[in-house]
Amino acid sequence: MRIPFGLQGWSRVLRLWTRHPLLGLGQLSAHDYCSPGLGDLPGDIERYFPSVHQVMSFNPRVPHISREDKRQPGVGFVTWDESTVLMNVAKRFSHGLGLEIGCWMGWSTVCLALSDIHLDVIDPGLGSGMQADTVRYALQAAGVAERVNLVKGLSPEDVHVLGQKGHRWTFCFIDGDHAGDAPRRDISAVLNYCEPDCAIMCHDTINENVYEAMSNLAQCGWQVTFLQTAVGLGIAWRGKIDPPQHIADPAVNWRAVGLYPDNCYDP
Ligand SMILES: C[S@@+](CC[C@H](N)C(=O)[O-])C[C@H]1O[C@@H](n2cnc3c(N)ncnc32)[C@H](O)[C@@H]1O
């Protein structure tokens, strides 16, 4: 009797298995997570994004489901865990106007706007075309379009344009250009226009440029903390309002993940 596959056949099956969006080794337990104590996203939020699909975590050590637009693979949305933190922090700081830099297909934008905050959003893809249409559709579907001012533009330049028009922000979420000095320039631009009670959040603090740019805020009198999420979220805040607490997913061995230096784990 012949064995159907030789060694090469089995190694191909194994390779395909490990690359499968959700069945990959180590992703068998992939799940969405919401910290206790935080309000959750609407369970049907994916309905607002007809082209979303679930893929393997962008951090193989954190088995949280990632999402991307299937027409533009490779650029992930903030995870469920990160989305709930964004929405809940924005809610605390919704006494004024919010700013988002880098919205991609609008997933993070919808999550922020669901907090009731009014938002300026800067992204170069917000003119016309597939990205802009996707963002507008999602905001309409979620019933939050009226709260969001979409600006086709680039940070830090368009941060200054809005700031010089008098916009002042109580909440800023930065998820745009992570290369080189860009995160530091973005933060230093928004600092000119922040209200006294304000929070600044950055995504991808696993990226050293983002991590260092956020850490520097501590020297400017801001409180800074880094959350254990799939690719890291940083929160800096000042004034009379504190952000809600995030409890990192107990199903993940965060010490093995090693996102940050030892002294930067969740409080
Ligand atoms: C990773 S995606 C953002 C994902 C989005 N925050 C989410 O979770 O749904 C990064 C976005 O930043 C935008 N971007 C890159 N450089 C930028 C800049 N200098 N100013 C504003 N947006 C920028 C890109 O066009 C892209 O849409």
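Which polar backbone atom is 3.1 Å from a nitrogen atom of the ligand? The polar backbone atom belongs to G102.

## Basis of the report

The structure is a predicted model, in which local features need pLDDT of at least 70, side-chain atom pairs count only at pLDDT 80 or more, and totals for chains, interfaces and linings use all residues. Residues are numbered from 1 along each chain as its sequence is written, and side-chain values use heavy atoms, with hydrogens and water left out.

## The ligand and its contacts

Around the ligand there are 18 residues, of which V78, S108, D123, S155 and D175 come nearest; a residue is counted here if one of its heavy atoms lies within 4 Å of the ligand. Two side chains make polar contacts (pairs of N or O atoms within 3.5 Å). In S108, a side-chain N or O atom is 2.8 Å from a nitrogen atom of the ligand. In D175, a polar side-chain atom lies 2.8 Å from a ligand nitrogen atom.

On its own the ligand has 610 Å² of accessible area, and the protein covers 85% of it; such areas come from the Shrake-Rupley method with a 1.4 Å probe. Both α3 (107-113) and β4 (118-123) give two or more residues to the shell around the ligand. Helices (H or I, at least four residues) and strands (E, at least two) are DSSP runs, numbered from the N terminus. The shell consists of 10 nonpolar, 5 polar and 3 charged residues. Ala, Val, Leu, Ile, Met, Phe, Trp, Tyr, Cys and Pro count as nonpolar, Asp, Glu, Lys and Arg as charged, and the others, Gly among them, as polar.

## The largest pocket

The ligand takes up the space of the largest pocket, where sitting in a pocket requires more than half of the molecule's atoms to lie within 2 Å of its grid points. A pocket is an open set of points on a 1 Å grid over the protein atoms alone, where a 1.4 Å probe fits, with protein on both sides within 12 Å along at least five of seven lines; lining residues have an atom within 4 Å of a point.

The volume of this pocket, the space filled by probe spheres set on the points, is about 510 Å³. Its lining has 30 residues, and V75, G76, W104, D175 and G176 are the closest to its centre.

W104 is in the loop between β3 (97-101) and α3, and has a positive phi of about 50° although it is not a glycine. A cis peptide bond, with omega about 0°, joins S155 and P156. P156 belongs to the loop between β5 (148-152) and α5 (157-164).

Methods:
Polar contact = N/O pair within 3.5 Å; in protein donor to acceptor, adjacent residues only side chain to side chain.
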